[in-house]
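I opened my notebook to look up how two protein chains sit against each other, and what one of them is like by itself.

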Amino acid sequence: MNVVLAIVAMLIFPGGLFVIVGSLAYEYVDRKLVARFQNRVGPRWFQPLADLVKLLVKEEIVPAGVNRGLFIWLPVAALAAAFTAALYIPMAGLAPTWGYRGDLVVTVYLLMMMTLCIGLAGANTADRFSLVGSTRALTQLFSYEAPFLLALLGPAIAAGTWRISEVNGYARESMWMIVTQPLGFLVALIGLMGKLELPPFDAPEAETEIVSGALTEYSGRGLAFFRLGRDVELLVGLTLISAFYLGGLANPLQFLLKTIGLLFITAALQSLFARLRIDQTVGLWWRAGAVLALVQLLILIGLKALGVHL
Amino acid sequence: MNVDTTLGGMTELLKPWTLMSRAVSDTRLEVETTPSGIVPAVGALKGAQWGFLSAITGLDHGAAAKADTGIAVKAMGDAAQNGGFEVLYHFCRGPSVLTFRVKLPREAPAVPTLSAVVPSALIYEKELAETFGVTIEGIPDRRRQFLSDDWPTNLYPMRKDFSPGSAEGIAQAAPVAPPVERRGTPGTFIVPIGPQHPALKEPGHFELTVDGEIVTHASIRLGYVHRGIEKGAEDRSWIHNIYLMERICGICSHIHSTAYVLGVEKLAGTAVPPRAQAIRTIFAEMERIHSHLLWLGVAAHEAGFDTLFMYSWRDRETIMDLLEEISGNRVNYSVNLLGGVKYDIDGKGADSLRRGLDFLEKRTRHYLQIVTSDESFLRRTRGVGAITFEQANLLGTVGPTARASGVSRDLRVEAPYMAYPDFPVKTVLDTRCDLEARFVVRINELFESYRLIHAMLAQLPPGDLAAALPRRVPEGEVISRVEAPRGELFYFIKSTGGVKPDRVKVRTPSLCNWAAVLSVAVGHKLADIPMIMVGIDPCFSCNDRSITVRRRGTEELWTWEELRRYGISYYGGEA
Amino acid sequence: MGKQLEGNVPGAFRSALDKAALWSRINSPWLVHFNSGSCNGCDIEILATLAPRYDLERFGVKLQGSPRHADVLICTGPVTRQARDRLLRTYEQMPAPKFVIAVGSCSISGGAFHGCYNIVGDVGDVIPVDVYIPGCPPRPEAIIDGVVQLLQKLKPPKAAPAASKDTGGTP
């Protein structure tokens, strides 16, 4: 791919500008849906953009005693990772800009970067590298990142490839994997909501101030980057899950319908779940769920080995 | 032991320490005693399990300071009373009030602390010490409660020789800078950011010491809303004070002004027309409705259920509309006059009321169902924050908090006032003692309020809206106790026959309940604290309360919001 | 409202970036609430504006828990001695640009508590105030109007409209 096209891809479509606009649009849809569920009018369509610009032009206060370099660059790294991940997925239902064998694994790692950066940011500002601070970050990672990864591996194994575009292709030809791997779908969706701290699937552990602690310290640019990064992750996550579990994304229309459909479900879970909230056993259930996802994976591998095709 | 629990019986019991006793009315007994006699006398009272300490009033009989109120001192008939202080300890049991009176000299006034016998006395004694300068001997805790730490030490605002004018200079003086903890290289200024950088050691509203997750010690520091109202009341006419008392609390403004006018009317010996009393009562119940719905939303928000908060506040708008339709204002309805009410409820108003209440009743059933069956809600409330019956009694809790622990304290039932004698109230009790019980009690009280208003509307007495009161209220002392949404509201009003009151003492119900909360907090998880505190329906004006959390030898300053989120995420929710 | 200026205003030229910044501030005002000793009346009406009937989120208003995330400090109460320092500190913790709305009669002059010994009275004596909203308490509609007035204040002054034949009064 020549350099000009590459730059366009990174900055405008499907990366950069398109991702920014898309993420802000999805944040709007999410907030609007939640508001409607709560019987309110909700925000205007340009609200996420206004919030972003406002934060960018606001004064940034750097707390005393933190590592200044880390403080400034962690949000940038998080956002950059999210943007990069967007280049590997079938954004807008079109073929991913770049792809190679194993890009699924790379993408998952890129998505993990966001959580890691937030965790480190929290450790930096709240506990200043204390052991407790970094332990909290790791706990957060294991609670949701690992199951999310496992859930994405399921369809990959069924498709027999580690390349996202090929998994997407496989998904288009076979039965929707939400049917054949329902547990994986559930784990993936909940994992995504947990990563993004969408209610009610926050980390099941007690001390999660690391994440909220990190964001509390930021104002201005850093906060803007973290927030935008979360929106991008939402978009990327929804795209991946619909591509893998909802029969692949062949064109922009399918992309829109399937991702917005998933968004509707997450918004509903956010607001209506106030009544049906998972109780104290959420921690145990969650680990059990992750284990079951693992078991499902093993079964898949086994079936493949025996030559059974799903 | 068969103790005669009537006031007459108590007179007998307290004889050994009595200098003089006087039955002011058939429900009020006054026993004068000495500083050395007060503790054993109260001990005897406690032994007979008679009543609970409702309030401690300080009085300054000093003649000199009458000058700035412009009233000539009327001889009280007892020369020894002039120029000294007096402390009144009010113990209440149902409709009866037993008041111990202790006279103190002007220089070095001192009384021993009651807190060993009556733990809830501590808060009232501190108020007495800070505002009157009475030394409380043996007080276990010398920290200030009501006045700020930088208030000058020998200035006692409730004394007659202190006028608010003299505070002008103090209020606007540059605040004393609290000590700044310097970290890092010398000369660097620490920006006070973050929950774990308490660079400026300000007093948190609450101080919690935790061992791991469990709270081992809790204490409270009030005073953020201390405005100096009691002193202000001495400087305003009887009518002007109605408007001041209304604004002690925006949520229960009507009940405050009601307690006040009922007291003044008693002093003046005025009979209020029954229609006025009924209208006052209807407003009181409407206020209870709005207050309980407000609390439901706030409590839901504390637990992280913002949807329930939104729904309950949306429904609450119905009662706000009704209040506005009849009185003209959503908050501070200003219904009361001295001698009656300003507004009437006509046919149209009554119809709107009935319709609105029917709608609210349906919604309330829905909320009752949520509160008693929603899994995650119950996890934060069932079995949490239990205040046993004995504790509730001992610690002097009032209102729905007490009733949820099986303590049947409801002034509308025990000492019916206004229209309650004609429209009796059924006490809503629950014996489960935990947070869930407090939710259930308040919601069931809503049903009772709906029923009451319907009954009163159906039988609204005809007649005048107000009777006339003299401009100068005859001298005397009166105690006015009413049932606010949060519990017993206690007013002590003293007149020396002038156009302004000599003393207005207000004891709000939340003050009674803090002692219970603090003692119950110990042993609970830190994540439960927000719900336990909100369970007594505290004055939520201090929503920016900050909490000092001591753990592992370090001290962190949390905001209320952080503690709330901590509680929510602990229980697996979204903060 | 914005100041009315005669004729066109040269020098009021703003770069596109400034315009965008201004637009974003007007449309995304995040609030932090501070009670400096009020009776709660104003506070519950402020909260009511976030509830479904009035729904301040429509204007982009969000209530933040931390002053570091806020643009506008909405303050109630007559500023008691104890609250005064915390009010000051809360204001200082807010990053620029920041604005202050004082809600209720108490925050203007002490309101019903004027003359009481433990209050400062005017919030403006402690921190600079941009908009005062009088009332005891002001209705949610009045609070919304106050917020909108603040946002209007942020807009650049408009040129006065060309004189028209039939206008007689103040525009």
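The entries below go from the single chain to the interface.

I note that this is a predicted model, in which local features need pLDDT of at least 70 and side-chain atom pairs count only at pLDDT 80 or more, while totals for chains, interfaces and linings use all residues. Residues are numbered from 1 along each chain as its sequence is written, chains are lettered from A and ligands numbered from 1 in the order in which they are written, and side-chain values use heavy atoms, with hydrogens and water left out.

I found 18 helices and 16 strands in chain B, counted as DSSP runs (helices H or I, at least four residues; strands E, at least two) and numbered from the N terminus. Of its 575 residues, 64% count as buried, meaning under 20% relative accessible area with a 1.4 Å probe, protein chains only.

**Chain B with chain C.** I looked up contacts (heavy atoms within 4.5 Å) and found that 63 residues of chain B touch 43 residues of chain C. Between them the two chains bury about 4,500 Å², 56% of it on carbon and sulfur atoms; this is the accessible area (1.4 Å probe) that two parts lose on being put together, summed over both.

**Salt bridges.** I counted 4 salt bridges between chain B and chain C, each a side-chain nitrogen of Lys or Arg within 4 Å of a carboxyl oxygen of Asp or Glu. One of them joins Arg330(B) to Glu45(C), with the closest N and O atoms 2.6 Å apart.

**Elements.** The elements of chain B that give two or more residues to the side touching chain C are α4 (168–172), α5 (229–233), α8 (274–303) and α9 (306–327). Of these, α9(B) gives the most, with 9 residues.

Conventions. Buried means under 20% relative accessible area, exposed over 50%, partly exposed in between (1.4 Å probe, protein chains only).
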